[in-house]
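Dear colleague,

I am passing on the structure below, together with notes on what was found in it. Please read the notes alongside the coordinates.

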Amino acid sequence: FLMKSSTIFVSLLASTASAFSVTGPAFRRISTQVNSVPLANGAMSFNRVCREWRCKYSGDKSTSESLEAISKVVDEYLPAVKGVSKEVTVNRLVCGACLDFKLMVTVPLDDYGTWEGDGHPPEADFIAKLKAIDGVSQVETQTITNMVI
């Protein structure tokens, strides 16, 4: 009986496993090879570039006046940031432990050159407003790749 039960269980498991397989358009892996730049001897590539605007805020994350002021600057500039490219993605990262704030603006590689040539607008104005906030320090920018894998 135990052997027969085990055989039935394994057969049932195998027949239902396809219900959990990752198929169909919603789960197809995004290709990183089309119009991409190779890295690491071809082990990686990228076709999206991110401009990161970051700083340190002060106070507790729940009650920080400087973080609240940063949020207002983000709200002010978000429409312009989202107009950088039709395919822009904007991510906000906040660490309550190390008091980091980051805004990551990622665009397709094809759009990055023009945006960079123009000075990454509205970066200069955004950064100037961050620097003017009491309790904000270490205001920096960085260009990095940012790929969904």
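Which residues have the most contacts inside the largest nonpolar core? They are Trp53, Cys55, Ile70, Phe101, Phe126 and Leu130, in a core of 24 residues, where a nonpolar core is a set of buried Ala, Val, Leu, Ile, Met, Phe, Trp, Tyr and Cys residues joined through side-chain atoms within 4.5 Å, and buried means under 20% relative accessible area, exposed over 50% and partly exposed in between, with a 1.4 Å probe and protein chains only. At least two residues of this core come from each of β3 (48-56), α2 (65-82), β5 (100-108), α3 (109-117) and α4 (123-131), and the largest share, six residues, is that of α2; helices (H or I, at least four residues) and strands (E, at least two) are DSSP runs numbered from the N terminus. Isoleucine 70, leaving out residues up to four places away in sequence, touches Cys55, Tyr57, Phe101, Leu130, Ile133 and Val136, contact meaning heavy atoms within 4.5 Å.

Before going further, a word on the model. It is predicted, so local features need pLDDT of at least 70 and side-chain atom pairs count only at pLDDT 80 or more, while totals for chains, interfaces and linings use all residues. Residues are numbered from 1 along each chain as its sequence is written, and side-chain values use heavy atoms, with hydrogens and water left out. The mean pLDDT (the predictor's confidence in each residue, from 0 to 100) is 83, and 77% of the residues reach 70 or more. Over residues 2-33, however, the pLDDT is below 50, and this stretch has seven contacts in the model beyond near neighbours in sequence. Where pLDDT is low, the predicted coordinates should not be read in detail.

As for the strands, eight of the nine residues of β3 are buried. β3 pairs with β5 in the antiparallel sense over nine bridges, with valine 49 opposite valine 107 in β5, and two strands pair if DSSP finds at least two bridges between them. β3 also pairs with β6 (residues 137-145) in the antiparallel sense, over seven bridges, and there lysine 56 has serine 137 of β6 as its bridge partner.

Finally, serine 85, in the loop between α2 and β4 (89-95), is buried at a relative accessible area of 7%. A polar atom of the serine 85 side chain lies 3.1 Å from the backbone nitrogen of glutamate 87. Beyond four places in sequence, serine 85 touches Val107, Pro108 and Asp111. Proline 108, in strand β5, is buried as well, with a relative accessible area of 12%.

Best regards

Conventions
Polar contact = N/O pair within 3.5 Å; in protein donor to acceptor, adjacent residues only side chain to side chain.
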